[in-house]
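Subject: Structure handover

Hello,

Here is the structure you asked to look at. My notes follow below it.

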Amino acid sequence: MFIKPRFRIVPDGTRIKFMRGRYMGLIVSAILSTASIVMFFYPGLNLGIDFSGGVVMEVHTQGPANFAQIHAALAADHIPDQGVQSFGDPSEVLIRLGTQSSEQGTQAAAAHVKTALEKGVPGATIERTDVVGASVSAELFRNGLLALGISLLMILVYIWFRFEWQFAVGAVVTLVLDITKAIGFLALTRLDFDLVMVAAILTVLGYSTNDKVVVYDRVRENLRKYKSMPLRELIDLSINETLNRTLGTSMTVFLASLPLALFGGESISGFAWVMLFGIVVGTSSSIFIAAPILLFLGEHRLRRESVAPPTPATASKPVAAPRR
Amino acid sequence: MSRSPARKTMMYFSRMKTTLILGVCLLGVLLGVPNLFSAPAAWMPWRTVHLGLDLRGGSYLLLEVDMKAVVKERLDSLADSIRQSLRGGQIFYQTLEPQADQNRVLLKLRDATKTDAAVAALRPLISPDVTTGQPDMVIASDPSGTITLTLSAPALAARAAGAVDQSIEIIRRRIDQTGVVDPEITRQGESRIVVQLPGIGDPDRIKQLIGKTAHMTFRLVDEAATATANAGGPPPPGDDYLPMQDNAKEKIAVRKRIDVDGADLTDARAGTNPDTGEWVVNFTFNSIGARRFADVSRANVNHRFAIVLDDKVISAPVIREAITGGRGQISGTFNAQSANDLSVLLRAGALPAPLTVVEERSVGPELGAASIRAGAISLVAGFLFVIFFMAFFYGLFGWFANLALVVNLFLMLGIMSMLQATLTLPGMAGILLTLGMAVDANILINERIREEQRLGRPPLAALEHGFSRAYSTIFDSNATAFLAHVMLFVFGSGPVKGFAVTITVGIATSLFTAWMLTRLLVSRWYITTRPKLLPV
């Protein structure tokens with residue numbers, strides 16, 4: 001452990017024919033993404049307070065929460081029951097209210113709940129209050145979507161700039177598929193979709209791109225190295241060569257995020273679960289989605305473009321790759 | 001780039017370069033260390049990362065300044081002066097209407113031939129804007145006798161900016177009186193104000209203090225009309241029916257004309273009336289206020305004088321004698337708290353427009369502490385996982401990476417302390433993710449070295465190739481992640497912004513540690529041991 005490495009994730013020099021599974025990979029991905037889109041509309045996302053607006057209060061009660069008592073306290077003050085749920089610990093309760101007709105109304109509703117609790121549930125303390133007005137939540141939602149959209153666009157432009165367009169399209173199509181799955185995951189788990197989740201999705205996006213770039217980078221290098229190898233074999237070779245890195249990095253990021261999901265507390269664990277899911281999806285999509293798309297798009301085009309530099313090279317023999 | 005001299009220098013570090021790299025690392029560690037301890041002495045330059053409100057507990061309030069009210073006030077006062085000016089010039093009109101939603105005052109003359117005369121009479125009423133020096137109103141007229149005076153766009157913007165700045169100043173004065181430590185009050189966008197109150201888990205009192213415009217006026221009571229004020233029906237011209245503060249159902253007829261304005265107060269203090277023991281607010285006028293107050297009270301002995309705060313009558317006592325000292329007392333149904341709050345509001349001055357709380361986030365200190373604990377546990381556990389992973393899979397080269405990882409952590413903390421960046425709970429998640437991503441660069445390098453060695457290259461050449469080939473991959477893969485998080489910083493808000501800052505800083509520092517520090521370590525190790533085979 002101190003000098004010599006103990007394990008390899010996969011042995012060196014693997015020759016797994018990943019591209020054989022290209023249709024399988026695309027079909028599975030298409031099914032999952034379609035299912036995710038369906039779930040996006042039905043049952044839909046559980047919008048968090050950032051995007052739905054309204055009031056969320058985290059209440060700490062003396063001993064395990066007595067839900068009947070809380071309901072009664074709210075009912076006594078004519079507060080329409082919007083949802084009282086337990087939150088992690090048995091003595092933690094989350095109370096949610098929708099937006100009211102005006103900003104002042106939403107503020108007043110929060111104050112109303114507070115007085116009702118003070119009266120009806122002795123010993124309860126309010127640990128957290130979030131009040132988001134309708135105008136602000138609409139803005140936050142728009143900004144969240146804007147951040148996602150612009151990030152995708154910038155990734156597209158960047159990869160286009162550094163690679164060929166086939167790589168850029170392949171990466172962005174894969175990323176969109178990844179995002180739809182992450183949204184499906186949110187719809188399935190009923191986790192609140194809020195700004196923190198947008199951050200999680202963007203992080204998954206960044207991570208997943210990172211993964212694709214590594215594989216693509218190797219494809220680019222091998223395109224110069226092996227002038228006559230069929231693209232299909234070449235992509236397989238590139239994936240195999242980078243497999244230890246792909247899995248190794250995924251495992252470290254996965255391991256780093258795991259404690260967050262387990263011990264991070266209620267407010268951040270959702271973020272971590274989306275991350276964990278995204279790492280698995282992102283890693284597999286690098287191999288089974290991004291690479292096949294590149295194969296389809298680049299079959300006849302990529303070869304010619306890369307043959308262009310007049311470096312004399314004998315076929316299939318490794319030569320020092322000229323770097324840009 | 002792959003010419004031979006460049007390759008030779010890949011694993012070669014001049015003394016200067018070595019010192020520089022180690023110097024940066026040392027500096028980073030020094031700057032990062034204060035975060036692990038509390039400050040030993042006040043005089044030491046002890047900069048630490050700011051903890052976000054979600055971690056230290058506190059309140060975040062987003063306030064919206066009611067710009068319509070700002071515009072309306074300007075238009076109302078303009079309409080008032082138009083009325084007086086036209087009356088003086090014997091010009092009669094059909095309608096004179098401030099239209100706040102269109103930012104203009106509409107005037108229709110009875111006699112269209114007097115349009116030019118009217119425009120000439122109106123021109124002196126338009127004040128040049130304070131900031132731009134341009135007239136703030138645009139006068140347009142047509143031959144039918146319709147004249148509009150529209151607030152110009154720059155004047156509107158200047159007025160909005162002025163209202164926000166003034167509001168910030170007044171909010172600051174009000175909050176300072178409550179003893180909240182380190183409140184942060186900043187403007188956001190055109191018409192919003194962010195108020196951050198560290199340590200205040202329940203901002204109700206602050207919200208009450210900043211939710212009041214606190215415009216106080218002293219106006220005479222129209223006693224004849226008061227008799228019918230509660231019967232319903234419109235007030236007589238020149239009067240307002242205003243409710244009493246402590247009993248909204250009881251209305252009093254108060255003259256529209258403001259005799260003395262609260263802006264002329266110089267001081268206000270809560271106290272008790274020695275005779276009754278009641279809580280009261282004692283106030284002092286400046287010289288203008290004192291003179292007006294004396295004049296009005298002298299002329300209206302035995303009449304009632306209303307003290308109006310935000311269109312509610314606090315009290316309407318009968319004037320017993322002329323009050324000439326410039327001092328007065330407001331009594332109503334006060335308790336210690338409300339008397340104190342009113343005196344704070346009066347001292348701080350009136351807001352130029354009403355404020356609405358459009359977003360509130362408050363976290364109690366216990367929850368913040370729990371979040372820190374949860375974040376710290378996750379951080380330590382994740383860190384250990386990554387360290388063991390690297391050691392198991394890459395042995396010695398894994399330890400090089402681990403050392404770089406520790407330095408990276410300190411560099412991140414150091415830079416964030418220097419920038420006075422805010423660490424939030426998502427930011428702590430960001431640190432963890434950065435740790436995972438930081439070793440990615442090392443994994444790329446190690447895998448590449450291993451590959452080159454398998455191709456039959458001798459150790460030094462394998463190292464050279466490994467580092468130089470991994471470089472473009474590392475750069476491309478981090479650049480995209482960097483771009484995504486810059487976007488998040490631009491469009492995110494609050495804790496999410498903190499997350500984006502942490503990750504962007506982390507990407508930058510991890511590039512440095514993986515690319516410079518590990519390479520230096522490997523190079524020193526190679527020079528001292530000269531191994532025949534690299535243990536990757």
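Leaving out neighbours within four places in sequence, Gly170(A) is in contact with Ala290(A), Ile293(A), Leu294(A) and Leu297(A), where contact means that the C-beta atoms, placed from the backbone, lie within 7 Å. Gly170(A) sits in helix 6 (residues 165-189) of chain A; helices (H or I, at least four residues) and strands (E, at least two) are DSSP runs, numbered from the N terminus. Gly170(A) counts as buried because 26 other C-beta atoms lie within 10 Å; the cut-off for buried is 20 or more, exposed is 12 or fewer, and partly exposed is in between. The C-alpha atoms of Gly170(A) and Tyr216(A) are separated by 9.8 Å, and the two are 46 residues apart along the chain.

Before the rest, some conventions. This is a predicted model, in which local features need pLDDT of at least 70 and side-chain atom pairs count only at pLDDT 80 or more, while totals for chains, interfaces and linings use all residues. Residues are numbered from 1 along each chain as its sequence is written, and chains are lettered from A and ligands numbered from 1 in the order in which they are written.

Chain A and chain B

Between the chains, 67 residues of chain A are in contact with 65 residues of chain B. Elements giving two or more residues to the chain A side include helix 4 (103-120), strand 5 (125-132) and helix 9 (266-298). That side divides into 35 nonpolar, 20 polar and 12 charged residues; Ala, Val, Leu, Ile, Met, Phe, Trp, Tyr, Cys and Pro count as nonpolar, Asp, Glu, Lys and Arg as charged, and the others, Gly among them, as polar.

Strand 5 of chain A runs antiparallel to strand 18 (residues 355-363) of chain B, joined by 5 bridges; strands pair if DSSP finds at least two bridges between them. Val131(A) has Glu360(B) as its bridge partner there.

The core

The largest nonpolar core has 234 residues, of which Val113(A), Ile201(A), Val274(A) and Val386(B) touch the most other members. Such a core is a set of buried Ala, Val, Leu, Ile, Met, Phe, Trp, Tyr and Cys residues joined through C-beta atoms within 7 Å. Helix 11 (residues 365-418) of chain B gives the most to this core, with 22 residues.

A hairpin in chain B

Strand 7 (residues 184-188) and strand 8 (residues 192-198) of chain B are antiparallel, with 5 bridges. Thr186(B) is partnered by Val194(B). The hairpin has 3 residues between the strands, and Gly189(B) takes a positive phi near 65 degrees.

Regards

Technical notes: Two residues are in contact if their C-beta atoms, placed from the backbone, lie within 7 Å.
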